[in-house]
Structures are given as C-alpha cells and as structure tokens.
Amino acid sequence: MDIKELHNKSMDIADEADIQKKRGNNEDAVSLYKAAFELESQAAMLAYEQHIGEPSISILLRSAASLALSCNLYREAEKLISLALCGEPPAEIADELRDLMENVNFFRHLELRGIELSENEVQLVIAGKGVGFGYAKAEEVIDRIEVFQNLAMRT
C-alpha cells in the first residue's frame with residue numbers, strides 16, 4: 001500500500017475505535033487504535049523515508065503519535081513526536097507536537113505511579129517556583145487548589 005492508502009485505512013479504523021470507545025467497549029477500542037497506529041506509523045515512516053516534505057511528514061508523525069497515545073504506547077508516541085520535531089515542522093504543528101508530548105508525559109507519569117483515572121476524574125498537578133519533586137510551599141498549594149476549584153465550578 002502507498003502512503004495515502006495506509007493513512008486512509010488507518011483513519012477508517014480509528015473512526016471505528018472512536019465509536020467503540022463511545023459505546024464503552026474500551027478493550028475493542030484500544031485494539032482498533034493499535035491497528036490504526038500500526039498503519040499510520042507505516043505511512044508516516046514511508047513519508048519520512050521518501051522525503052515527501054513538510055507539513056505532510058510532521059502531520060503523519062503527529063497522527064501516528066496520537067494513535068499511539070490512544071492505545072497506551074507511550075514510548076512509541078515519544079519517538080514519533082521527537083522525530084517530527086527533529087525535522088522542520090511548521091510552527092503550529094510543532095506546538096501541537098509539544099502539547100502531545102506533554103500528554104504522553106502525563107499519562108506515562110500516571111502509569112509509573114499506578115494511577116488510573118476514569119473519564120470523570122482529574123489529577124491536579126502543581127508546578128512552578130516554590131514547587132519541586134516531593135515538596136511545595138503550603139500557600140502555593142492552597143492558592144492553586146482554590147483557583148482550580150473556581151475553574152471547576154464554572155465548568
């Protein structure tokens with residue numbers, strides 16, 4: 001199959017995965033996302049190896065990384081994002097890739113700590129000056145929790 005065929009087939013499978021996820025069939029959804037990821041990563045690597053140019057390469061790599069994230073393949077997502085950022089993606093796509101990398105890091109963090117969040121749960125992460133791994137100033141934590149609480153109430 002060529003790049004376009006691989007990509008189109010991948011997107012069809014990803015659409016079916018989305019449907020299964022909405023129906024609550026998470027195991028089926030993850031399996032379908034993995035199949036879609038395998039096709040999309042093939043398309044992305046072909047595009048990369050054939051030097052088809054930007055933004056096509058970074059878009060396909062971003063898509064494959066997003067599918068990897070959907071089926072909990074964090075290391076694969078990291079590699080694809082890194083490969084895309086090593087090229088010359090347009091600024092907007094580079095920003096999207098960095099945002100995707102933040103999501104990959106967040107979910108990897110949860111996995112490493114054995115934390116599993118359901119669809120209606122959140123985890124509050126506190127970072128910044130006065131905050132480090134394993135410590136934080138009490139007033140910083142309390143202030144940020146209050147801000148989060150206000151935001152949550154509005155939504």
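Which helix does phenylalanine 106 lie in? I looked it up: phenylalanine 106 is in helix H5, residues 91-112. Helices here are DSSP runs of H or I with at least four residues, numbered from the N terminus.

**Ground rules.** I am working on a predicted model, where local features need pLDDT of at least 70, side-chain atom pairs count only at pLDDT 80 or more, and totals for chains, interfaces and linings use all residues. Residues are numbered from 1 along each chain as its sequence is written, and side-chain values use heavy atoms, with hydrogens and water left out.

**Phenylalanine 106.** Phenylalanine 106 has a relative accessible area of 24%, so it is partly exposed. The scale: buried is under 20% relative accessible area, exposed is over 50%, and partly exposed is in between (1.4 Å probe, protein chains only). I then listed contacts (heavy atoms within 4.5 Å). Setting aside neighbours within four places in sequence, phenylalanine 106 touches Leu117, Gln123 and Val125.

**Serine 58.** I moved to helix H3, residues 56-70, which holds serine 58. Serine 58 is buried because its relative accessibility is 0%. Its contacts beyond four places in sequence are Ala84, Pro89, Pro90 and Ile93. I also noted that the serine 58 side chain reaches the backbone oxygen of proline 55 at 3.1 Å.

**Salt bridges.** I counted four salt bridges in the structure. The criterion is a side-chain nitrogen of Lys or Arg within 4 Å of a carboxyl oxygen of Asp or Glu.

I looked at glutamate 96 with arginine 62: their side chains meet at 2.2 Å, N to O. Glutamate 96 is partly exposed at 31%.

Arginine 98 and aspartate 95 form another salt bridge, at 3.0 Å, N to O. They are three residues apart in helix H5, so about one helical turn separates them. Both are partly exposed: arginine 98 at 44%, aspartate 95 at 43%.

In helix H4 (residues 74-86), arginine 75 and glutamate 78 are three residues apart, which means about one helical turn. Their salt bridge is 2.9 Å, N to O. Which of the two is buried? Glutamate 78 is buried, at 14%, whereas arginine 75 is partly exposed at 46%. I also found Arg75, Glu78 and Arg108 linked in a network of salt bridges.

**Phenylalanine 148.** My last stop was helix H6, residues 138-154, where phenylalanine 148 sits. Phenylalanine 148 is partly exposed, with 33% relative accessible area.

Technical notes. Helix = DSSP H or I, 4+ residues; strand = E, 2+ residues; numbered from the N terminus. Polar contact = N/O pair within 3.5 Å; in protein donor to acceptor, adjacent residues only side chain to side chain.
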